[in-house]
Amino acid sequence: GGQDAQRSPAPLDEPYGRPGFMLRRAHQIAVALFLEETGDRKVTTSQYGALFVLAQVEGLDLAGLGRRLGMDRSTSALVVSKLQAAGWVAMATNPNDRRRKALKLTPAGHAMLDDLAGPAHEARERLLSPFTPEEAETFLRLLERFVAAFNGSIRTPIAP
């Protein structure tokens, strides 16, 4: 009761100084800027990532897409179902392995990816705008090192 009310709370800089808190907050900011830049296109960062990967790598199935984006199978399936519903991705049975379904961008998917190129670039520029060009390069290099250090030790590693 009364004693708890007298105890002063931990200073706010304690949680704000934690790497996990700052990384989560940075992710929230990155997503918000992407959504602002892409406007009424109603595309999430995960959907954009999937469109981008599918444009680069042919014949991927759900698991392969998930491995390249660090998503588990159920998340990949959800993302792909939204892309299919929008008409941007089609799924075809692999003639060599009937159980495998290859994902492919439709012409509308390629058009959407092209349409997103400018806004995605603007979001990236805004994210890095607090830094000088040298700082931005260092920031990205440090993030890459951080991700590489822990990538293999989590449930959903990114695999090329």
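Val89 is in contact (heavy atoms within 4.5 Å) with Leu51, Leu54, Val80, Leu83, Gln84, Leu103, Lys104, Leu105 and Thr106, leaving aside its neighbours within four places in sequence. This is a predicted model, in which local features need pLDDT of at least 70 and side-chain atom pairs count only at pLDDT 80 or more, while totals for chains, interfaces and linings use all residues. Residues are numbered from 1 along each chain as its sequence is written, and side-chain values use heavy atoms, with hydrogens and water left out.

Val89 also has a place in the largest nonpolar core, which has 23 residues. A nonpolar core is a set of buried Ala, Val, Leu, Ile, Met, Phe, Trp, Tyr and Cys residues joined through side-chain atoms within 4.5 Å; buried means under 20% relative accessible area, with a 1.4 Å probe and protein chains only. Tyr48, Leu51, Leu54, Leu65, Leu83, Val89 and Leu103 touch the most other members. Two or more residues each come from helix H4 (45-56), helix H5 (62-69), helix H6 (73-85), strand E2 (97-105) and H7. Helices (H or I, at least four residues) and strands (E, at least two) are DSSP runs, numbered from the N terminus. In soluble globular proteins, nonpolar side chains tend to be buried together.

Now for the helix pairs. Two packed helices are described by the angle between their axes and the distance between the axes. Axes are lines fitted to C-alpha atoms, for helices over the stretch in contact, and angles run from 0 to 180 degrees between N-to-C directions.

| Pair | Angle | Axes apart |
|---|---|---|
| H3 (residues 19-38) and H7 (residues 107-128) | about 140 degrees | 8 Å |
| H4 and H7 | about 120 degrees | 10 Å |

H3 is oblique to H7, and H4 and H7 are oblique to each other. Oblique covers what is left after under 35 degrees (roughly parallel), over 145 (roughly antiparallel) and 65 to 115 (roughly perpendicular).

The contact of H4 with H7 is made by Tyr48, Leu51, Phe52 and Ala55 of H4 and Gly109, His110, Met112, Leu113, Leu116 and Ala120 of H7.

On the H3 side of its contact with H7 we find Ile29, Ala30, Leu33, Phe34, Glu36, Glu37 and Thr38, and on the H7 side Leu116, Pro119, Ala120, Glu122, Ala123, Arg126 and Leu127. Let us look at Thr38, which is found in helix H3. Thr38 counts as buried because its relative accessibility is 1%. Not counting residues up to four places away in sequence, Thr38 touches Val43, Leu116 and Pro119.

Note on methods:
Buried means under 20% relative accessible area, exposed over 50%, partly exposed in between (1.4 Å probe, protein chains only).
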